[in-house]
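Subject: Structure handover

Hello,

Here is the structure I promised to pass on. Please open it alongside this note.

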Amino acid sequence: MTDAGLTPAPGSFPCPFCGPRDEAEFRYGGDPDVARPGPGSSDEDWARYLYVRENRRGLVREYWVHAQGCGLWLIAERDTVTHLIQSVREATP
Ligand SMILES: [Zn+2]
């Protein structure tokens with residue numbers, strides 16, 4: 001994690017590589033805590049993976065990509081109530 005993850009201003013998103021940038025430069029990439037079904041999984045498992053999500057309140061982990069910047073994939077911790085980014089780190093495979 002990095003202290004660059006603290007949101008300095010509304011509408012700003014902290015990239016660990018580029019620094020604070022406009023949030024419009026980033027694209028949501030999904031939930032890093034949802035496991036992809038393996039080979040031979042049922043249609044029901046794939047449907048659950050693709051379409052069923054919890055609508056959690058509070059701090060959540062999310063994949064984001066700096067699509068209009070460095071292209072870095074990130075894991076951000078964001079509060080769904082305040083939309084403030086609590087931390088950001090580079091996503092590693
Ligand atoms: Zn960046």
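Below is what I found in it.

First, a caution: this is a predicted model.

The overall make-up comes first. The protein has six strands and one helix. Along the sequence, the elements follow the pattern β-β-β-α-β-β-β.

Now the start of the chain. Strand E1 covers residues 12-15, and strand E2 covers residues 19-22. E1 and E2 pair antiparallel, over four bridges. A hairpin of three residues joins E1 to E2. To find your place in this pair, look at Ser12, which stands opposite Asp22 in E2.

Next, the sheet. Four strands form an open sheet in the order E3-E4-E5-E6. The pairing there is antiparallel. Strand E3 (27-30) and strand E6 (85-90) are the edge strands. Each of these two pairs on one side only. From one strand to the next, the twist averages 35 degrees.

Inside that sheet, look at E4 and E5. Strand E4 spans residues 59-65, and strand E5 spans residues 73-79. How many bridges join E4 to E5? Seven bridges do, and the two strands run antiparallel.

Last, two figures for the whole protein. Of its 93 residues, 12% are buried. Among contacts between residues at least 6 apart in sequence, 47% join residues at least 24 apart.

Best wishes

Notes:
Residues are numbered from 1 along each chain as its sequence is written. This is a predicted model: local features need pLDDT of at least 70, side-chain atom pairs count only at pLDDT 80 or more; totals for chains, interfaces and linings use all residues. Two strands pair if DSSP finds at least two bridges between them. Axes are lines fitted to C-alpha atoms, for helices over the stretch in contact, and angles run from 0 to 180 degrees between N-to-C directions. A residue is buried if 20 or more other C-beta atoms lie within 10 Å of its own, exposed if 12 or fewer, and partly exposed in between; C-beta atoms are placed from the backbone. Two residues are in contact if their C-beta atoms, placed from the backbone, lie within 7 Å.
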